[in-house]
Amino acid sequence: MPTLLDNMKAILTGMKVTLRNFRRPTETVQYPWQQDKIPGNSRGMLRMVDFHTEQTISEKADWYHGTRWAPCTEGCPAHTDARGYVSLAGEARWREGLEMLRKTYPFVATLGRVCPAPCEKRCSRGFTGPQPIAIRKLKRVYSDWEMSLNPEERFSYQEYCTRTPLNGKSVGIIGGGPAGYQCAMLLRSWGFACHIYEAKSVPGGFLTLGIPLYRLPRHVVHGEMERIHFLDGITLQVNTEIGQDLMFEELEERHEEVIIAAGAWKPYHLGLANEEKPWVWYGEDFLEEQLMGRLTEVPNSVVVVGGGNTGFDCARTCRRMGAKVTMIYRRTRKEMPSEDEEIEDGEEEGVHIMWLTAPDEIVIEDGQLKGMKVVLNRLGDKDSSGRRKPVPIPGSEQVLECGLIITALGREVDVPWVPSDVKRRRNGTIVVDEKTGKTTRANGKVWACGDIVTVSTIINAIGQSDRCCLAIAEKHGVKPSSYPFLYPYQLKDKVNDTVVGLTPHVDGTMPAESSGVVQRQLHGLSMVQDPPAVNFDHHEPWNVEPQEKPFRAMNYQVPQPKIPGEARIKTFDEVEIGFSLEMAQREGKRCYGCAAEMCVGCGVCVDACPDACIYLESPVNKEGFEYPEVYSIDLARCCYCGLCTEACPTKSLTFTSNFEMSVQEKHETYLTHDRMNLGLVHKEKAEVGASKSGVQVAP
């Protein structure tokens, strides 16, 4: 129930809005002669930009190439065209999908296994329920398919990266992880010589020294790195610690530009007494020692502190080494940062998880570790992160006996060799320009990307690398007209509110500043012709009872084959077996083809409509795709709330702005498939095809 203060705020807000509108001059619109003065967002007639047909629905990948405005692409920090390669999988066009991915980044097989898949959290299938498309798993299918080909048939980075001759300028890249390799691939393709300096004995960063073998086999990631660092114009130098083996200033003298792409390897500490080896291991150190073969056994009982992916990697590794594992996390499962699938896999493998449990003391008796004293929590008010703060429960202390404690609380940056004029944050990360990745170094030739800027995920590091390379290329005047390895980036200039950094699509067209629907509203959609004549059997269709919502097939993901839980802990073999091509094609067919502005008959608008105005029949064609065969809207029931247009994942259903409703009779308010279809996408596609062939299309 609202408080008195809430009511007063509401009254004052209303008075403020009323006063502001009262001061504005009144405006009278004489319909229809002054249509052009009606704002573009005014409520008008519902219209469909275009419909897929039974024939075109099987070729969604060809209808409006992926735009960065698809939700999955917007959700990806590297702007991967997920809509493109997922729809291509549904059409079994493996070669095209593989080239699309390989031209975006070198770690296709790697990301197909370990990416946290932020794209799936934005997938329209997930919002319409109940499960999003398995975008990450489909990515792996392309690399698996590539490995089944003869070597000469696989994607050639040698051909694509080195076709541009070296321009005589070199870039020094500090760090041989995902960010460093992404920079090397892009910059070499634009003519820069690249030199990677890696402090460890093997490159890859956390890909090779922080992810267990059962998640990422080493031959997979090493194979992808070799395809880059063996290229002409790229060199890799390992066991090179900046500040010891090579001074930073010397690096600046060697190269025109320097990119700091070092990782974040310093773990956060518990802050408890006795927090040192051999009783306590930090998760990152533990995994590196185990992966390098220097740690071959653990005690019978292990306690893991932390609820992130690194914590589960440590816990599941210890299970494979024969230990009984208890994981403690101070909040509930809902707040746990790990992915649901990671939690489920850990539980299947016998990891015991204690929720609402926090470490309190490391117990040492007679010079030996006895265990960890923990305290139970309850959730209190929300903290600065938006999560409810754990509050200790007095008297709930207990000791978990164990022979080893592993902490996985997160990482921070420890790079003492960074010059003093490079601005840094409290956790050691470097402050850079958001659009370019440029640091505050006075000479203007030092850039940074990856964990050194934001301790995050592999895909986020790749996205930051893309921006950094774009800026370097533009600085040296070698920015190409199109980016063969980069999905278009679009950045807003905060000062001038203009769009900068637009990249042409493959066909030469430019990506729209926003949804094409808005563009069309500004260039003619508000002036559509009168709808076709009424043509339906029932003489009063508005009196017909609303139909049931359509049944949508393919609601659930295709299950991922895995080694059974009881068998997993006996081996470090890869857990996920991967989709077959048939399974991948079935999963790819679930893609709505968002942002293509073509109705696919998904039925989301039917679900969203509160007045049961919309009727839809979506049969399945012979290829297994659903398409909108029958579509109608009863505007006599419509309240013009706009929920259907907001819910539409393809942005194909829209309001016009010409107030046609004001001159129509009630019997003309029943919109059928033909009456509401504008056919704009088909028309524009025909115009593009005609312009390429030199044929003039009649208006």
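I began with a nonpolar surface patch of about 540 Å², made by Leu4, Met8, Ile11, Leu12 and Met15. For the record, patches take residues with over 30% relative accessible area and no salt bridge, joining nonpolar side chains (Val, Leu, Ile, Met, Phe, Trp, Tyr) within 5 Å and like charges within 9 Å. A salt bridge is a side-chain nitrogen of Lys or Arg within 4 Å of a carboxyl oxygen of Asp or Glu.

This is a predicted model: local features need pLDDT of at least 70, side-chain atom pairs count only at pLDDT 80 or more, and totals for chains, interfaces and linings use all residues. Residues are numbered from 1 along each chain as its sequence is written, and side-chain values use heavy atoms, with hydrogens and water left out.

I found Met8 in helix H1 (residues 4-23). Met8 counts as partly exposed because its relative accessibility is 42%; buried is under 20%, exposed over 50%, partly exposed in between (1.4 Å probe, protein chains only).

Next I looked up negative charge and found a surface patch of Glu54, Glu59, Glu617, Glu623 and Glu629. Glu617 sits in strand E20 (residues 614-617) and is partly exposed, because its relative accessibility is 32%. Helices (H or I, at least four residues) and strands (E, at least two) are DSSP runs.

Then I turned to H15. How many of its twelve residues are buried? Ten are, so I noted H15 as mostly covered; among them are Phe312, Cys314 and Arg316. Just after H15, I saw Gly322 with a positive phi of about 95°.

Notes:
Accessible areas come from the Shrake-Rupley method with a 1.4 Å probe; for residues, only the protein chains shown count as cover. Lys and Arg count as positive and Asp and Glu as negative; His and the chain ends are not counted. The place of a charge is taken as NZ of Lys, CZ of Arg, CG of Asp or CD of Glu.
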